[in-house]
Amino acid sequence: MDLPALANCVTSLSCIVTQSTSGLIIGMLLFLVAAGVSLIFGVLKVINFAHGSFYMLGAYLVLTVYGLSDSFLLAVIAAALGVAVFGLLFERLIISRVYGSQVLMQLLVCYGVILILDDLVKIIWGPEFKSLGMPAAFQKPPYLLGGGVVPVYYLFLILLTLLIAVALGLAITRTRLGKIVRAVAINPGMVSALGINTGYVYAGVFMLGGLLAGLAGALAAPVRSIVSGMGLSVVVESFIVTVIGGMGSVAGALVGSLLIGLVRSFGTIGFPLFTEGLMFLLMAVVLVLKPSGLFGREG
Amino acid sequence: MRTSSMRRDCLIALIVFAALAALPMLWPSRGVSDFVIRLAAFGIFATSLNMLVGYAGLESFGHGLFFGLGAYSFALAMQRLGTSIPTALLLTVLLSAAVAGIVGAICVRLKEIYFAFLTLAFQMLLHSLIIAWTPLTGGDQGLTGGVPRPAFLGIRLDAPYHLYLFSAGLLLLCLLLMRHIVQSPFGYTLRLIRDNPARATSLGINVWAMRLAAFVIAGAFGSLGGVVMSLFVSGAFPDFAYWTISGEAIFMIMLGGTTLFLGPVAGAVMLLLLNDVVTKLTEHYGLVLGLIILLFALGLRKGLADYLAELWRERSARRLAVPLPAAPFAEPSNKLSGE
Amino acid sequence: MSKRCDAKRRDHRLNRRELLSGAVAAAVAGFPFVSRAQMKPIRIGMPTIQSGRAAMVGASSRNGCSMEIEKFNAAGGLGGRMVELVARDTKGKPEEAARLSRELVNSDGCEILFDAESSAGAFAIHEVAKDLGVLVMHMNSETSSLTADPKLRIPNAFRAARQGIHDSIAAGSYAGKIAKAKGLKKWLSCSPDYAYGRDSTQLFLEYLKHFQPDVEVVGEAWPKLYQPDYTDALTKILQIKPQAMYSCLWGGDLTAFIDQSAIYNLFAQMEVFTINVADYTILTAVKNLPKGIHSGNRYLSTFPKTEANAKWAAEYRAKFNEFPINWSWENATGAKFVLEGLKKAGSTEAKKLSDAIRGMKIESPFGADGTLTMRAEDQTLVNYATGWGQTIPTEPFMPEVTPVDWQVIYELETAWKKKNNYI
């Protein structure tokens, strides 16, 4: 524990700027993954334990497409769409068979998929870890804001993800499609009785979850090492976020991700050896005090 | 009725024990005895988890807490305190029961998925503690130096055959005890709470206390699974408290079945066999095992033992040309909260 | 039913035919007819990691061993007995490593174990070797206590990998010189939070202070192993503004760390010392390797700058289509010791083989002076080529390597052992 260092940081503007940006960075990528998990749970009542594998696929796809086309933009779009298609296949062929089964059976199914995907990427791309490298467009020196350091690529990430968060929120609350999705979350039987094909809605939500996770994997690729099993590192954190933010709530996922990001970035200064324990502690506290999470619905 | 079925179970257990004791003479393979020892560890662990999942309707994601706690406390007691093995066993069970009491008291108030996640959080907190407290636990390297095994009652656990008999015996004893508990009035009360908590409350049953009791019992037995594993590897590793070990137990009860009492043991046999055979035959462990799991999960959609039991009932009903009787074991309810 | 009987009869006929032709061939060739029992292969069990984030360990370990074994078999094996490597995937789980080791020995007829697991798995396998009495060669574990601690020592366990204590002394001695020369007083460490990371860092800082007392540790960051995001650690480092940073991050973590540090322009702001950069996994993976990172060699085909080393690297590359890395040479070395031991002892029996290997000195392209020794008193590898230098972004990646004086290492290692009551 290093409380004096933490106190020092909280009283210095440059430290606050740098650590908060750092928290934002960690949080925004986490948000893309957690939003998908949260939506899928909210609408389909399924906990997609395989979400980390979607993220991993996104990273591998962007690697391949970037290698072939030399265009990061194209690669990111291709990766996101590719994983969206995978999400659709996953839902139609596999998950839809275990709707209504126990949560634990869904967990078993997802575990099978994770095992297969982890091995497949190793067979296709090889066991060694790979690096995408920073695309040329972002190879610029970092900005200095208020004495704090903000890398160009991270600024781009934060803005892009905020944009997506806003778009997602608006789509869910303002559009007709969003209303249908919310209605299916509350009462699928009624929606189906009104003549709307709930199967399409389920598939669509899974596709969206896949798109977001694939996008996260692709956007994270320049600053991560890409290797089989990399999904593990995001899936546990995204569940913590989903629990804290509230399952089914995109706003909750955003707030939860930012909270975890800030806990990580300031926690590393104050509690360098117990940062992971801190996150689980936070999760436990939320579950005890308000199980449905900060933005979740009661019941 | 109950005592006679208990007597029958005891008899079956004795026969199985005798058979297992004779096995190494007929089939002298250390591979087989190793398998039985691991089966003992996971069989006890998975069955204890099923007391929560199948019988009490409490889907726990964090049961590995007790597996890890059991392994570490037993190994540490033997290494640091130099006690006898029976004393270490007693200390382990008491410690696990106490921890289960505290953790359970906080967790069982919560509904399904939240209960699941909170148990997971507690397990990961223990894991973080094990990793951080290096001077005591050895940190991420695990407890090195081996587990001392002084003789007790003429049993020398450093002799392979004795360890084999001890593990088999412990497995059968735990199964008998857990069977007795689930067949008792307490067990039936648990099932009532599982199926209809509102009705249980209206009958004056303290649902929270019953669930807590189930949690404590499951935790105490779960720790014994960890003890056997720590004897097998002669140490303890943080792996034993990681969420993956909870996952393995869950997969065993899903593959084997949650309604039949021996379902989890069947699942343990299945998963261990699959693991061993696939690892031996191919480098592509993930691909093959994943496909097999999907086949079971999507094809049967219930545990193998449950599936076979249902098949048997349907066939015998058809043969007698009588309408299918109500299942003697009710299906566990599996609604997620939030609906 | 009859089809099956026919097949059986057919098989018998084939077997007899094979036997006859074999005998004829042998008679024609003039060699004595050797019984099948004597020609039984020597099976060596290798539990290793073949899946997940550390899958590279398994791939490179197997490659390193198999190259040596093929040469051995091509030269006739052990009196006609060929060596067969049986590798199995432990998936990185120590209890699976224990189980597999036992299975390989008990059920699959393996007479020797090559432990190509990581450090935690190594301890599990060590217990199995203790229990079953087979010879085990630890190929990858760098945890010093595995061989240094007399409480853990058994006569049939050896280590062919580099050791944490040696690396830390080497690093401290080099860094001390640079610190003195460049006036680097404020140091910070950023290492993975697990046994290897903590031990290695603590020892480095100790030896840094030994060689250059005028240094101060102004901060530490402890990211988790396999943690993907180092932003919080990096911003902390930038806050503290040290003059020099030490890290023993490795593999994918180090690659990600370098990529992420680069966008903060970290390498321009401080001298960076890392044990693990000079390994081809990193050097070929990182797209924009910064210039001037100080690193100790893990494996470089240009250090030692000998023909033997270059030849081995070229052979490895041609055969496996990838660069050899640290685990590759360690496994090749361990395999060579065992194979030479087999020749010397003429038997696979654990005691005879151990006695042959203990204290053995072999010629090797990886030795500091062309030879490697398996030190007798603690049964671990010494005199391997170790040195430090600075990186450049293109091959040979580290043109100048300053070798470390092993006499210095031996001296300080003995002091360390005394301090820990190992001797």
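Student: What stands opposite S189(C) in strand 8 of chain C?
Tutor: Y246(C) does. This is a predicted model: local features need pLDDT of at least 70, side-chain atom pairs count only at pLDDT 80 or more, and totals for chains, interfaces and linings use all residues. Residues are numbered from 1 along each chain as its sequence is written, while chains are lettered from A and ligands numbered from 1 in the order in which they are written.

Student: In which sense do strand 6 and strand 8 of chain C pair?
Tutor: Parallel, over three bridges. Strand 6 covers residues 186–190 and strand 8 covers residues 244–247. Two strands pair if DSSP finds at least two bridges between them. Helices (H or I, at least four residues) and strands (E, at least two) are DSSP runs, numbered from the N terminus.

Student: What sheet is that in chain C, and what is the strand order?
Tutor: An open sheet of seven strands with mixed pairing, in the order 7-6-8-9-10-14-15. Strand 7 and strand 15 (401–403) of chain C are the edge strands, each pairing on one side only. On average, neighbouring strands of this sheet are turned by 25 degrees against each other, direction ignored.

Student: Which helix packs on the sheet?
Tutor: Helix 6 (residues 164–182) of chain C. It touches strand 8, strand 9 (271–278), strand 10 (294–297), strand 14 (387–390) and strand 15 of chain C. Its direction makes about 155 degrees with that of strand 9 of chain C. Angles run from 0 to 180 degrees between N-to-C directions, and axes are lines fitted to C-alpha atoms, for helices over the stretch in contact.

Student: Switching topic. How many residues make the contact of chain C with chain A?
Tutor: 36 residues from chain C and 38 residues from chain A. Two residues are in contact if their C-beta atoms, placed from the backbone, lie within 7 Å. On the chain C side, the elements giving two or more residues are helix 2 (55–74), strand 7 (216–221), helix 8 (231–240), helix 9 (251–263) and helix 10 (280–285). That side has 14 nonpolar, 13 polar and nine charged residues. Ala, Val, Leu, Ile, Met, Phe, Trp, Tyr, Cys and Pro count as nonpolar, Asp, Glu, Lys and Arg as charged, and the others, Gly among them, as polar.

Student: What does S22(A) contact?
Tutor: Leaving aside neighbours within four places in sequence, S265(A), T231(C), D232(C) and T235(C). S22(A) sits in helix 2 (residues 13–44) of chain A.

Student: Is S22(A) buried or exposed?
Tutor: Buried, because it has 29 C-beta neighbours inside 10 Å. The cut-offs are 20 or more other C-beta atoms within 10 Å for buried, 12 or fewer for exposed, and partly exposed in between, with C-beta atoms placed from the backbone. Across chain A, buried residues make up 60% of the 299 residues.

Student: How do helix 1 and helix 11 of chain A pack?
Tutor: At an angle of about 130 degrees, with their axes 7 Å apart. They are therefore oblique to each other. Under 35 degrees is roughly parallel, over 145 roughly antiparallel, 65 to 115 roughly perpendicular, and the rest oblique. L3(A), A5(A), L6(A) and C9(A) in helix 1 meet F266(A), I269(A) and G270(A) in helix 11. By class, that contact has six nonpolar, one polar and no charged residues.

Student: And where does chain B touch chain C?
Tutor: Through 22 residues of chain B, in contact with 24 residues of chain C. Helix 2 of chain B gives the largest share of the chain B side, four residues.
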